[in-house]
Amino acid sequence: MNSPIKVLEIKPETPTKILVEEIEEIKKQEKIDTFEKITYFEKFEKAMELGYYLNNTGLYNKLIFLRVEANMKDQKLDLENIVNLKKKGDEPATAKNKVVKPYYKKIDERDTTLIFESRFESGNLLAAYKISEHNYQLVVQNDTNTNGYSQWFFFRVSGGRKGANVHFNLINLMKGYSLFNRGMQICVYSEKNAEQEKIGWHKGGNEINYYRNGIFKYVRDQKRYLSSLSFTYEFEYDNDTVYFANSIPYTYTDIFKELNEIQKNDKLSSLVHRKILCTTLAGNNLDYITLTNPDTSSRYDKEAFNNKIGIVIMARVHPGETVGSYMMKGIIDFLCSNTDEANLLRNNCVFKIIPMMNPDGVVCGNYRTSLVGCDLNRRWINPNEILHPEIYAAKQMILKFSTQRQLGLILDLHGHSGANNIFTYGNPIKENPKESKIFPILLSKMSDAFNYDQCKFKLNKNKYGTARINLFHELAIANIFTIEASFYGVKREVKL
Ligand SMILES: [Zn+2]
């Protein structure tokens with residue numbers, strides 16, 4: 001504590017510069033007056049806590065990766081690649097094809113320093129410090145335009161040597177608890193492993209610990225203590241590139257490709273219609289699909305078609321909850337299949353599916369929020385057309401759909417960072433409490449992964465802005481659920 005704390009000055013123009021300029025332009029045109037309430041330039045904490053912490057360890061440390069500076073040097077490229085994918089043409093950038101200049105250059109061949117990178121879709125490592133030969137401290141980025149929500153992580157390292165056991169310590173995570181303390185492992189993807197053994201993303205890492213680390217920062221004047229996730233990884237190959245993530249990534253590129261495949265499939269072209277719901281603030285398309293068996297236009301069929309029940313399913317309003325996308329993928333694949341059950345459902349229902357509600361958040365590597373730093377699943381009561389276009393457009397679509405046909409079910413797919421299994425949050429129906437419990441009970445009968453005991457049916461005031469409660473208030477239908485799937489997996493004995 002005697003030595004003065006060296007504070008890292010991080011005051012660059014952030015990758016959201018264009019967004020800020022656009023918003024200034026909108027302000028000038030007086031389209032909206034609520035912008036004052038949002039602080040735009042608090043994206044990167046001053047790293048004061050970090051400098052304090054590292055100084056107090058008394059250990060030698062060397063900054064070997066800093067995403068912000070790299071962005072400054074190369075801002076235009078990063079803006080187009082990281083934020084505004086649409087302008088790059090049809091194929092968005094991916095983790096694989098993005099070529100960037102490494103922040104750290106090895107001194108010579110004996111230098112074993114790992115090369116860190118996160119300037120790719122959904123990547124979010126902000127800084128990496130080398131503490132000792134095989135020991136690194138890592139800092140992840142806050143969600144864009146916020147001073148927090150740092151929980152998701154996705155980065156890659158290259159230059160590891162076979163047999164090297166490297167210790168990683170992510171030091172600025174927000175949550176006080178984690179499934180990492182209950183046996184969950186790190187998601188790992190080794191390029192060499194994938195190439196030679198055909199093993200893709202898998203769970204790995206050893207000596208995994210999650211704990212409050214004594215570092216704090218202020219969020220809205222409240223002192224918030226941060227947590228560390230530490231783990232070791234033993235490199236299996238020389239010259240490998242290994243990706244690490246909080247849960248298996250599912251990017252905007254992934255859903256883009258998925259929907260393209262469906263569109264290209266002749267057998268599905270009469271069942272699935274893809275449309276753009278709106279354009280996000282970063283200029284990405286918010287896609288949705290309508291899925292049903294077609295009206296064959298005989299009189300009888302026309303009547304049956306008009307009587308079909310409407311079902312809405314959406315996912316990834318919270319970008320870090322990638323498990324939601326894997327549930328969504330299962331649903332889409334099943335509904336597109338030629339099984340009797342899927343055919344029966346398509347005969348009797350019209351599905352409106354929004355597979356990725358928050359593309360900007362996913363692209364930027366956010367955990368919880370959109371590009372303007374909003375938790376979009378608290379904005380359903382009165383979404384703003386400019387600030388929350390995703391929710392505004394989705395709500396309009398759903399309300400219109402409800403006037404066209406009877407809505408039978410609305411599902412909003414999420415991931416849960418603290419509980420095991422799959423379960424739902426539903427709404428209580430005073431007159432007939434059983435009414436909203438039937439669907440979860442049926443799910444529990446059909447799948448061992450679904451645990452009815454963890455389901456809740458409450459109208460919490462602080463959740464009135466969620467899709468589940470707001471659409472319940474607006475539409476008064478029983479079957480509206482948030483589906484929560486564990487980041488970890490199925491373990492029946494664990495209850496909330
Ligand atoms: Zn969520």
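This is a predicted model: local features need pLDDT of at least 70, side-chain atom pairs count only at pLDDT 80 or more; totals for chains, interfaces and linings use all residues.
Colleague: How many helices and strands does the protein have?
Modeller: Helices (H or I, at least four residues) and strands (E, at least two) are DSSP runs, numbered from the N terminus. Here there are 13 helices and 19 strands.

Colleague: In which order do the five strands of the open sheet stand?
Modeller: Strands of a sheet pair through backbone hydrogen bonds, either parallel or antiparallel. Two strands are taken to pair if DSSP finds at least two bridges between them. In this case the order is S2-S5-S11-S7-S8, with antiparallel pairing. Strand S2 (115-117) and strand S8 (202-204) are at the edges with a single partner strand each, so one side of each has no neighbour in the sheet.

Colleague: How many bridges join S7 to S11?
Modeller: Four bridges link S7 (residues 186-190) with S11 (residues 240-245), and the two run antiparallel. Cys187 has Ala245 in S11 as its bridge partner.

Colleague: Which residues of H8 are buried?
Modeller: A residue is buried if 20 or more other C-beta atoms, placed from the backbone, lie within 10 Å of its own, exposed if 12 or fewer, and partly exposed in between. In H8 (residues 323-335), the buried residues are Val323, Gly324, Ser325, Met328, Ile332 and Leu335. Of the 496 residues of the protein, 43% count as buried.

Notes. Residues are numbered from 1 along each chain as its sequence is written. The expected span of a helix is 1.5 Å times one less than its number of residues.
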